[in-house]
Structure formats: C-alpha cells, structure tokens
Amino acid sequence: MSDSEALVKVDNLVVRFPINDNRHRAYIRPVDQVSFEIKAGEVLALVGESGSGKSTIGKALLRILEPSEGTIVVGDKDITHIRRRELVEYRKLAQMIFQDPFGSLNPVKTIEQHLAFPIRKHRLVSSDSTSKLINELLERVGLTPVEETRLKFPHELSGGQRQRVAIARALAVNPKFLVADEPISMLDVSIRAGILRLMTQLREDFNLAFLYITHDLASARYFGNRIMVLYGGRIMETATSSDLIRKPLHPYTRLLLAATPGSSVKGALPETSNKPPNLMEGRTGCPFADRCPHVASVCREQVPELLEFSPGHMVACHFTNQLA
Ligand SMILES: Nc1ncnc2c1ncn2[C@@H]1O[C@H](COP(=O)(O)OP(=O)(O)OP(=O)(O)O)[C@@H](O)[C@H]1O
Ligand SMILES: [Mg+2]
C-alpha cells in the first residue's frame with residue numbers, strides 16, 4: 001500500500017441504537033451515512049458538539065461496537081463485522097486512547113504491568129525482550145527515568161503522565177491507526193500542549209494515522225491535517241485544516257468558529273435555538289435546520305448531500321454557493 005492510498009476507508013457508516021419511546025421500539029441514529037478516508041500518517045480531526053456522534057464513530061472504527069450499516073476497511077481488510085480472533089488481530093493495527101486516563105488504567109497495577117499486558121497478549125516479542133520494549137515505550141512518551149516510572153501505580157502519576165502511559169500502552173502493539181477520543185480535554189490546560197506535541201511526534205516517527213476527536217477547533221487545527229465537522233450524526237463540512245479555518249462554508253462551522261476564542265471569523269451567527277439535534281430515525285431534512293439562520297423550506301424536506309465545493313473541500317448545505 002502506498003502512502004497516498006487511504007489506510008482507513010469508511011463508507012456510508014450508520015450506527016443505530018434502540019430507545020424506548022412510549023413502549024414502542026424506536027431508534028436513534030447518532031451516526032447517519034458517514035463516509036470518509038484517512039491516509040497513512042494523516043490526522044483527521046473530528047469536531048462537533050456534545051451528542052453529535054463523535055465517540056460513536058470512534059467506537060465503530062475500533063469495533064468496540066458493531067456498525068448497523070455501511071463498511072469500514074482498514075489496511076486491506078473489511079473489519080465491519082469481524083469477530084473473535086480477527087478482532088484480536090485487528091487490535092494490533094488500531095488502538096484507542098480515551099478521554100479519562102485514570103479510568104482507562106487499573107489502579108492496582110503498576111505501569112510496568114499495564115505495558116506488559118498487550119506485549120504478552122499479542123506475543124509481540126520474546127519474554128526476554130519484554131522488559132527492554134517497556135523501557136523503549138516509556139522513553140518514547142517521555143516518562144523518564146524509566147526504571148522509576150515502571151514501578152509506579154497510576155495514582156502516583158499526574159493526569160498528563162497517566163495519559164502518556166495510555167499512549168505508550170496503545171503504541172505497544174506498533175499500531176498504524178489510533179483513535180484519540182478527547183485525549184486532552186480532562187487535563188490541565190498547561191499540560192495539554194505537551195500531549196499534542198507528543199502525538200504529533202509519534203505521527204511523524206511511526207507514520208501513524210489518527211482520528212482525533214475533539215470539541216475544540218484550536219487543537220483540531222494544531223494537530224489535524226484535515227478537519228471534519230459533525231452535527232446530528234452527519235458530516236456538515238470537511239476540508240484541510242487551513243481551508244476550514246480560513247474559509248468555513250457551512251453555517252454550523254461558522255457558528256463553531258465564531259464561538260472559538262480568538263477566532264477572526266466575522267459576522268458571528270446568532271444562535272437561533274439551543275435545541276440538541278434530532279437523532280430520531282426517519283427525521284427529514286438537514287439536522288442543522290432548526291438552528292440555522294439561513295434555513296429555508298428545502299432544508300426541512302431534503303437532506304443536503306455532501307458535495308465538493310473546491311478540491312478537498314466538501315460541504316453539505318443547500319446554499320453553499322450563495323453563502324460562499
Ligand atoms: N450505547 C448507546 N445506546 C444508546 N444511545 C447511545 C449509546 N451510545 C451513545 N448513544 C447516544 O448517541 C448520541 C451520540 O453520542 P456520542 O457519545 O457519540 O456523542 P459525542 O459526539 O461523542 O458527544 P460528547 O462530545 O459528549 O462525547 C447521544 O445522543 C448518545 O446519548
Ligand atoms: Mg464523546
């Protein structure tokens with residue numbers, strides 16, 4: 001596979017969950033026909049407000065949950081419905097870093113034990129070499145002196161150090177693709193930049209691809225090569241980070257940017273309503289219609305397709321040409 005080819009290919013992904021609606025079975029679709037690609041060594045930042053379906057996409061890509069429709073191909077393998085042994089094998093290619101580094105570590109296990117587990121489980125190196133690999137991983141993520149770190153328990157580390165352990169554990173299998181779900185949002189502001197720099201370095205050193213999930217456009221711009229904006233389970237806009245920040249086209253992206261401190265987007269759009277998006281299956285039209293200042297009747301009737309406005313810049317809005 002060449003570098004320019006996609007490592008991750010997501011085609012028409014749908015995730016639906018059953019809900020109880022007056023004792024009738026109904027479904028929500030927090031991920032609704034989402035398609036995108038990530039190249040080897042590329043960072044795709046996935047941005048959107050709470051409840052827009054970001055984590056659900058991340059979990060589907062790691063097959064922590066099974067997609068309802070669509071396909072996910074990673075490398076040359078269709079992983080949409082794989083099970084058991086194939087899933088274990090897939091964990092060597094793709095790993096996840098979670099928001100809460102404390103919750104994802106076991107309080108009664110040392111750092112050494114956390115890192116030894118995936119190495120032994122996947123029989124990555126001979127048992128003589130396990131210790132050496134643990135040291136290398138700890139050095140990689142900046143947790144030195146390694147001999148000291150190895151014997152510590154998670155509570156003896158700071159939040160940032162714990163997140164570094166979680167990253168080292170994900171790296172242990174030598175993956176090609178990481179899903180990082182809000183990896184810095186629970187950390188002190190002062191240490192966030194260090195974790196972003198570490199991930200940037202790892203991307204370069206290992207040609208790692210990332211799906212970087214975040215609320216925050218500033219970090220998406222810093223770390224992401226491209227940004228994808230999600231609302232109500234659908235992609236509203238996707239472009240290179242610089243195009244998306246300089247020339248946002250979708251009204252929702254403009255709203256997000258206007259709400260970002262220090263943003264230069266002029267003419268901040270009024271927040272017409274604070275309603276969360278309707279995720280019910282069978283909804284019609286654009287999920288953003290209820291909050292959009294440019295809404296017209298077509299928006300409530302037809303779902304806008306995600307169309308290419310300029311090379312690499314895709315927008316799902318009936319009025320892209322008028323608003324550009
Ligand atoms: N297992 C589940 N069963 C039912 N509904 C779910 C399940 N997981 C998520 N949801 C719902 O799907 C929607 C999207 O959730 P998701 O966690 O993907 O959002 P998110 O964009 O990651 O939000 P946040 O920024 O708050 O993390 C929410 O309405 C959520 O309540
Ligand atoms: Mg989430």
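Tutor: Two packed helices are described by the angle between their axes and the distance between the axes. Angles run from 0 to 180 degrees between N-to-C directions. Keep in mind that this is a predicted model. In it, helix H3 (residues 111-121) and helix H6 (residues 159-171) pack at an angle of about 20°, and their axes are 8 Å apart.

Student: Why is H3 called roughly parallel to H6?

Tutor: Angles under 35 degrees count as roughly parallel. The angle of H3 with H6 is about 20°, and that makes H3 roughly parallel to H6. The crossing of the two helices, H3 and H6, is right-handed.

Student: Which residues make the contact of H3 with H6?

Tutor: H3 contributes Ile111, His114, Leu115 and Pro118, while H6 contributes Val165, Ala168 and Arg169. By class, the contact of H3 with H6 has 5 nonpolar residues, 1 polar and 1 charged.

Student: What makes H3 oblique to H4?

Tutor: H3 and helix H4 pack at an angle of about 120°, with 10 Å between their axes. The range 65 to 115 counts as roughly perpendicular and over 145 as roughly antiparallel, with the rest, apart from angles under 35 degrees, as oblique. An angle of about 120° therefore makes H3 oblique to H4. H3 passes H4 in a right-handed crossing.

Student: Which residues of H3 and H4 make this contact?

Tutor: On H3 they are Glu112, Leu115, Ala116, Ile119 and Arg120, and on H4 they are Thr130, Leu133, Ile134 and Leu137. The contact of H3 with H4 divides into 6 nonpolar, 1 polar and 2 charged residues. Leu115 of H3 is named in the contact with H6 and in the contact with H4.

Student: How do you know that H6 is roughly parallel to H7?

Tutor: The axes of H6 and helix H7 (residues 189-206) cross at roughly 15° and come within 10 Å. The limit for roughly parallel is under 35 degrees, so the value of roughly 15° makes H6 roughly parallel to H7. This crossing, of H6 and H7, is right-handed. Gly160, Gln163, Arg164, Ile167 and Leu171 in H6 meet Ile191, Gly194, Ile195, Leu198 and Leu202 in H7. Those residues divide into 6 nonpolar, 3 polar and 1 charged.

Student: Turning to the sheets, what makes S2 and S5 edge strands?

Tutor: They belong to an open sheet of 4 strands with the order S2-S1-S4-S5 and antiparallel pairing. Strand S2 (24-39) and strand S5 (77-78) each have a single partner strand, so one side of each is left without a neighbour in the sheet.

Student: How do you know that S1 and S2 pair?

Tutor: Two strands pair if there are at least two bridges between them. Strand S1 (residues 6-21) and S2 have 11 bridges, in the antiparallel sense, and Pro18 stands opposite Tyr27 in S2. S1 also holds Asn12, whose phi is near 50°, a positive value in a residue other than glycine. Helix H1 lies across S1, S2 and strand S4 (69-74), and runs at about 70° to S2.

Student: What is the strand order in the open sheet of 8 strands?

Tutor: The order is S6-S7-S8-S3-S9-S10-S12-S11, and the pairing is mixed. Strand S6 (94-97) and strand S11 (307-310) are the edge strands, each pairing on one side only. Within this sheet, strand S3 (residues 43-47) and strand S9 (residues 226-231) pair in the parallel sense over 4 bridges, where at least two are needed. Ala45 stands opposite Ile227 in S9. H1 packs on this sheet, touching S3, S6, strand S7 (177-181), strand S8 (209-214) and S9, and its direction makes about 155° with that of S8.

Student: Which helix gives the largest share of the shell around ligand 1?

Tutor: Helix H1 (residues 54-61) does, with 3 residues. The residues around ligand 1 include Gly53, Lys54, Ser55, Thr56 and His215. The shell divides into 3 nonpolar, 8 polar and 1 charged.

Student: Where is the cis peptide bond?

Tutor: The cis bond joins Thr144 and Pro145, with omega about -5°. Pro145 lies in the loop between helix H4 (127-140) and helix H5 (146-150).

Technical notes: Residues numbered from 1 in each chain as written. Chains lettered and ligands numbered in written order. Predicted model: local features only at pLDDT ≥ 70, side-chain atom pairs only at ≥ 80, totals over all residues. Left-handed = near helix turned anticlockwise from the far one by under 90°. Contact = placed C-beta atoms within 7 Å. Nonpolar A, V, L, I, M, F, W, Y, C, P; charged D, E, K, R; others polar. Near = placed C-beta within 6 Å.
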